[in-house]
Amino acid sequence: MTESTRGNGFAIQTFSISREFGDLVAVNSIDLSIKEGELFSMLGPNGAGKTTVIKMLCCLLRPSSGTATIMGHDIQKDPIAVKKMIDISPQETAIAEHLNAWENLSLMGGIHGFEKEGVKKRSEELLELMGLTNRAKDQVRKYSGGMKRRLSIAMALVSDPQVLFLDEPTLGLDPQSRRSIWEHIAELKGKKTIVLTTHYLEEADALADRIAIIDEGKIVALGTPRELKDSITDMQVMVVKAKNLTSDAIEGLREIYPEVKEIEDGIEIKAKEVNFSAVVDYLRPKGVEIESTSQKQITLDDVFLQLTGKELRE
Amino acid sequence: MRFMELAKRNFKEMYRDPLSLGLAIGLPAGLLLVFQPLGKFGSTWHPTYLAPGIVIFGFAMLTFSSGMILAKDRESALLSRLLTAPLRANDFISAYSLPYIPVAIIQIVVVFGIGALLGLEIAGNAGLVFLVLFIMSIGYIGLGMILGAFFTEKQVPIVWIAVNLLTIFGGAWFPLEIMGGVIKSTMDALPFAHSLYAARDVMLGGVGFSDIAIDFYWVLGYTIVFFALGVFLFRRRMVE
């Protein structure tokens, strides 16, 4: 049996895995099966339990109950075998500040047991991929935040892991750097099993094969981005762009449609059925100048809101 | 030998911080030069008596540096990342200790080299003196591993002051006999004074290994215990 078939087609399986910190249940009996080559995203707000799951899968945290396997190896019984299969780009930028990019990559390749020549070749490719070749010999403490993050991701790839954990890889980055990292992650799709945690909806929507929405340590929904959005197709979102929207008018609407959200230059009304003409007829006599009305596409944010009653970025 | 890659990184981290490296090597040598004129006040100020104490004071600085780098890394995301590599606790402790061994050797060579210029003499086997002090230096690095594995970056300097006091009261600066009572008994139970007894007995009395065997094994035993404890504490920190 080869290492890649030991997991019976599943790169990661969790079995009622839980973790408590005192009275706080950070992860509550999660069961997951992630296929080899899949890009699986865990989506949820801060404190939902995503990083705790990742830490348990990387053998950094002991589960309070339950367990998990990575490529067939139990995380508690055989952590060294698990660690040979995985690598992680942690949430915080994890680099050795006094080393240059070459040395950081060489360190990670070396501690995973790779030959010097192999690490050198792979480092060259990764530095090129991450756009760091020109600064590769500078100590990384002189890098910008975006460059450090790109290096941090490259360090997770140098050991050519079968399972890659990316914990909030674009957190705090500017949109341009974020997009560039998305492109790099997209290039890895299908080649490795990737677990991506994020609280950026666009990130999960654009990259993931499947998404688990996690809230308060539990999986509240699981499926492809399309499946998750389709699961709430019985909901309509009407966007009204208007001037002179008074609080009286908005409060009046809320008596009919409880979910009325104020947005820039207008409102968003969410309900199982929104009667567009009735809304327009209600607002006009109140002096509201309607510029446009439209139906908004359901987003993962809407899915999250419906499932948890919370905004994702709370 | 995967841990050697991490040891290399720690070595680079150390020599790219020239201030602490310079202090660890330069301060003991400087102290010997400063104390040299006091030689006329008695034999305990003579370089032959002072050199072992001063070099051990230098080793205590290695406890600080090695403990700090481990504690600092432990609190950073970098160590979390390193902990996901297939390395065991003893690999980590080896990787954080090894870079300090060459520094300890340089400390011994520099202090004894300067001492020789100032009139230091070794009546017995110089190799034996080196061996005892070298093992003690490893013990101090092992103590650094305990500090780094157990305490935070902010706590390490405070605990290190206690290590320094043990070094000072362990006979590094003045004869332990003048302390007497509980202090002497405590110091006799620890390894620091034994390394000085052994080194001074060989240097001043010209004795052989059999005469310092108890002191030697006392120091060696503690060095092994320090490392075993460092590995034990680090292992406990690897999985929370």
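1. Basis. This is a predicted model, in which local features need pLDDT of at least 70 and side-chain atom pairs count only at pLDDT 80 or more, while totals for chains, interfaces and linings use all residues. Residues are numbered from 1 along each chain as its sequence is written, and chains are lettered from A and ligands numbered from 1 in the order in which they are written.

2. Chain A overall. The C-alpha trace of chain A spans about 75 × 45 × 35 Å along its principal axes, and the chain holds 11 helices and 14 strands (DSSP runs, H or I of at least four residues for helices and E of at least two for strands, numbered from the N terminus). Of its 314 residues, 44% count as buried, that is, with 20 or more other C-beta atoms, placed from the backbone, within 10 Å of their own.

3. Domains of chain A. The assignment, whose bounds come from an automatic or database source, gives domain 1 (3-224) and domain 2 (236-297), and the C-alpha centres of these two domains lie 42 Å apart.

4. An open sheet in chain A. Four strands, in the order 2-1-4-5, form an open sheet with antiparallel pairing, where two strands pair if DSSP finds at least two bridges between them. Strand 2 (24-35) and strand 5 (73-74) stand at the edges with a single partner strand each, so one side of each has no neighbour in the sheet. Within this chain, strand 1 (residues 10-21) and strand 4 (residues 65-70) are joined in the antiparallel sense over five bridges, and Ile12(A) stands opposite Ile70(A) of strand 4.

5. Helix 2 of chain B. This helix (residues 18-35) has 18 residues and reaches 25 Å from its first C-alpha to its last, close to the 26 Å expected (1.5 Å times one less than the number of residues). A kink of about 35° lies at Gly26(B), shortly before Pro28(B), the bend being the angle between axes fitted to the seven residues ending there and the seven starting there. Ala24(B), Pro28(B), Ala29(B) and Leu32(B) are buried in this helix, and their cover includes helix 3 (47-74) and helix 6 (100-117) of chain B.

6. The contact of chains A and B. It takes 25 residues from chain A and 19 residues from chain B, residues being in contact if their C-beta atoms, placed from the backbone, lie within 7 Å. On the side of chain A that touches chain B, helix 3 of chain A gives the most, with four residues.

Conventions
Contact = placed C-beta atoms within 7 Å. Buried ≥ 20, exposed ≤ 12 C-beta atoms within 10 Å, placed from the backbone.
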